[in-house]
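Here is a short tour to read with the structure open beside you.

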Amino acid sequence: MTTTRLPRKATVLLAGLVLAALAGCGSAGDKGPSEALGSEAPAQPPVKAVPAAPAGLAGMPPLLDPNDVYAADRPNQLSPVVKDFPSRVYVPNTSSNTVSVIDPKTYKVIDTIPVGVQPQHVVPSWDLKTLWVNNNRGHTLTPINPATGEVGEPVEVHDPYNLYFTPNGKYAVVMASMDKELVFREPRTMNRVKTVPVTCFGVNHADFSADGRYFIVSCEFSGELLKVDTEKMEVIAQQKLPFEGAMPQDVKISPDGKTFYVADMMAHGMWVLNGEKFDTPQLLPTGKGCHGLYVSRDSREMYVSNRGEGTISVFDFPQKKLTKKWLLPDGGSPDMGGVSADGKVLWLSGRYDAEVYAIDTATGKQLARIPVGAGPHGLAVYPQPGRYSLGHTGVFR
């Protein structure tokens with residue numbers, strides 16, 4: 001038999017085709033070499049889906065740092081909206097029905113503004129453009145333009161003891177203390193959107209969770225706390241504080257967003273609360289008449305005013321303990337206030353002494369004691385760092 005020999009090039013080509021065919025047995029389109037040999041591929045464990053993190057409040061600007069809700073509040077980190085505003089301290093005098101305006105450079109009152117009956121707090125708006133004076137018994141909000149100092153026409157709002165804004169800027173939330181209501185309003189016109197009746201007495205202060213989905217409210221006169229769903233605008237939990245005669249005041253969240261602190265002027269300390277679990281909080285004694293809570297510009301410390309003894313306690317967040325206590329010379333009644341834009345001065349109203357205190361945050365030394373009207377309460381230092389305001393005397397993120 002005659003054997004036909006293929007040319008060398010053809011032989012090489014044929015060998016390449018055979019190898020390609022064999023390689024094709026394990027290609028992505030086939031079932032793999034094990035099944036080609038008549039056996040099943042070994043079973044693989046099912047892939048478990050990782051649950052997604054709960055979505056934050058729709059429309060809320062994302063945190064600059066997920067581990068620090070106050071990352072936007074660093075010294076002199078002023079928004080373009082407020083960077084040219086004059087630095088002032090606005091003091092509502094509840095018994096004089098006025099707002100004293102202090103120049104922080106000279107420690108002098110440079111203006112006195114007549115407002116409505118019983119002004120309680122001066123509150124920066126969410127967009128930072130307006131200061132709202134809460135005339136509690138006058139049932140109005142008086143707008144002040146912080147760029148010019150001009151006073152606008154009062155807006156009718158019933159029982160505005162305090163005022164907050166949802167983190168997405170969608171609603172203003174009026175703490176209607178005597179009406180026993182949380183009233184959600186349009187944040188510029190203050191038109192009523194939804195009224196949420198509550199069963200506790202004296203709703204007054206609040207703070208929002210890191211993701212903005214809920215906020216914790218203190219009820220001063222019944223010693224209770226509320227947990228409110230921001231988007232649904234509904235109370236979703238309520239508890240009585242475990243102290244006879246409790247009177248919760250200011251509320252502030254920790255920089256890492258894991259803990260809420262609630263000042264209590266009758267328990268003489270702060271309640272330490274897990275906001276997610278909303279279980280029974282623990283009491284951390286600070287001083288007589290614990291009242292206002294203010295976070296330092298580096299997010300490391302919180303200044304706690306003890307109104308009943310004329311002191312300020314300093315709480316260290318990383319160490320989770322009190323590290324210092326400052327005593328006001330000649331006593332006093334330190335109440336509500338705020339921290340200067342550079343973080344160097346803590347400003348507090350002297351509620352029962354018709355005065356305002358300026359305190360050095362590095363040393364605790366009193367820098368000034370300034371006479372103002374009668375019954376000074378929720379003063380606002382303005383402007384302050386931050387991208388938007390959650391309300392009260394200036395809670396910024």
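Lysine 227 lies over the face of tyrosine 214, 4.3 Å from the centre of the ring. Keep in mind that this is a predicted model.

**Aromatic pairs**

- Searching the whole structure turns up 12 aromatic pairs.
- One of them joins tyrosine 171 and phenylalanine 184 edge-to-face, with 6.0 Å centre to centre and 90 degrees between the planes.
- The two partners come from distant parts of the chain, 13 residues apart: tyrosine 171 is in the loop between β8 (162-165) and β9 (172-176), while phenylalanine 184 is in strand β10 (residues 181-185).
- Is tyrosine 171 buried or exposed? Tyrosine 171 counts as buried because its relative accessible area is 14%, and buried means under 20%.
- Phenylalanine 184 is buried too, at 0% relative accessibility.
- Tyr171 and Phe184 also belong to one aromatic cluster together with Phe208 and Phe215.

**The largest nonpolar core**

- This core holds 26 residues, and those touching the most other members are Ile216, Phe260, Tyr261, Met270, Leu293 and Met302.
- Two or more residues each come from β13 (214-219), β16 (248-253), β17 (260-264), β18 (269-273), β20 and β21 (301-306).
- Which element gives the most to this core? That is β17, with four residues.

**The cavity**

- Rolling a probe the size of a water molecule over the atoms shows where empty space is left.
- The count comes to one cavity of 30 Å³ or more.
- The largest cavity has a volume of about 200 Å³.
- Its lining is made up of 18 residues, and Val295, Arg297, Gln384, Gly394 and Val395 are the closest to the centre.
- Both β20 (290-295) and β24 (334-339) supply at least two residues each to the lining of the largest cavity.
- By class, the lining of the largest cavity has eight nonpolar, seven polar and three charged residues.

**The pockets**

- The largest pocket contains about 290 Å³ of space.
- Seventeen is the number to look for here: 17 residues line the largest pocket, with Ser87, Pro104, Ser340, Ala341 and Asp342 nearest its centre.
- The lining of the largest pocket divides into 10 nonpolar, three polar and four charged residues.
- For the second largest pocket, the volume is about 210 Å³.
- Its lining has 15 residues, and the closest to the centre are Gln120, Tyr161, Glu220, Phe221 and Arg351.
- Five nonpolar, seven polar and three charged residues make up the lining of the second largest pocket.

**Backbone details**

- Most residues other than glycine have a negative phi, and most peptide bonds are trans.
- Which form does the peptide bond from tyrosine 382 to proline 383 take, cis or trans? The bond is cis, with omega near 0 degrees.
- Proline 383 is found in the segment after β28 (380-382).
- Asparagine 76 is not a glycine, yet its phi is positive, near 60 degrees.
- You can find histidine 268 in the loop between β17 and β18, where histidine 268 is partly exposed with a relative accessible area of 31%.

Note on methods:
Residues are numbered from 1 along each chain as its sequence is written. This is a predicted model: local features need pLDDT of at least 70, side-chain atom pairs count only at pLDDT 80 or more; totals for chains, interfaces and linings use all residues. Side-chain values use heavy atoms; hydrogens and water are left out. On a 1 Å grid over the protein atoms alone, a cavity is a set of points where a 1.4 Å probe fits but cannot get out, and a pocket is an open set with protein on both sides within 12 Å along at least five of seven lines; lining residues have an atom within 4 Å of a point. Grid points are joined across faces, edges and corners, and a volume is the space filled by probe spheres set on the points. Ala, Val, Leu, Ile, Met, Phe, Trp, Tyr, Cys and Pro count as nonpolar, Asp, Glu, Lys and Arg as charged, and the others, Gly among them, as polar. Rings of Phe, Tyr and Trp (its six-membered ring) pair if their centres lie within 6.5 Å; planes under 30 degrees apart count as stacked, over 60 as edge-to-face and the rest as tilted. Buried means under 20% relative accessible area, exposed over 50%, partly exposed in between (1.4 Å probe, protein chains only). A charge sits over a ring if NZ of Lys or CZ of Arg is within 6 Å of the ring centre and within 35 degrees of the ring normal. A nonpolar core is a set of buried Ala, Val, Leu, Ile, Met, Phe, Trp, Tyr and Cys residues joined through side-chain atoms within 4.5 Å.
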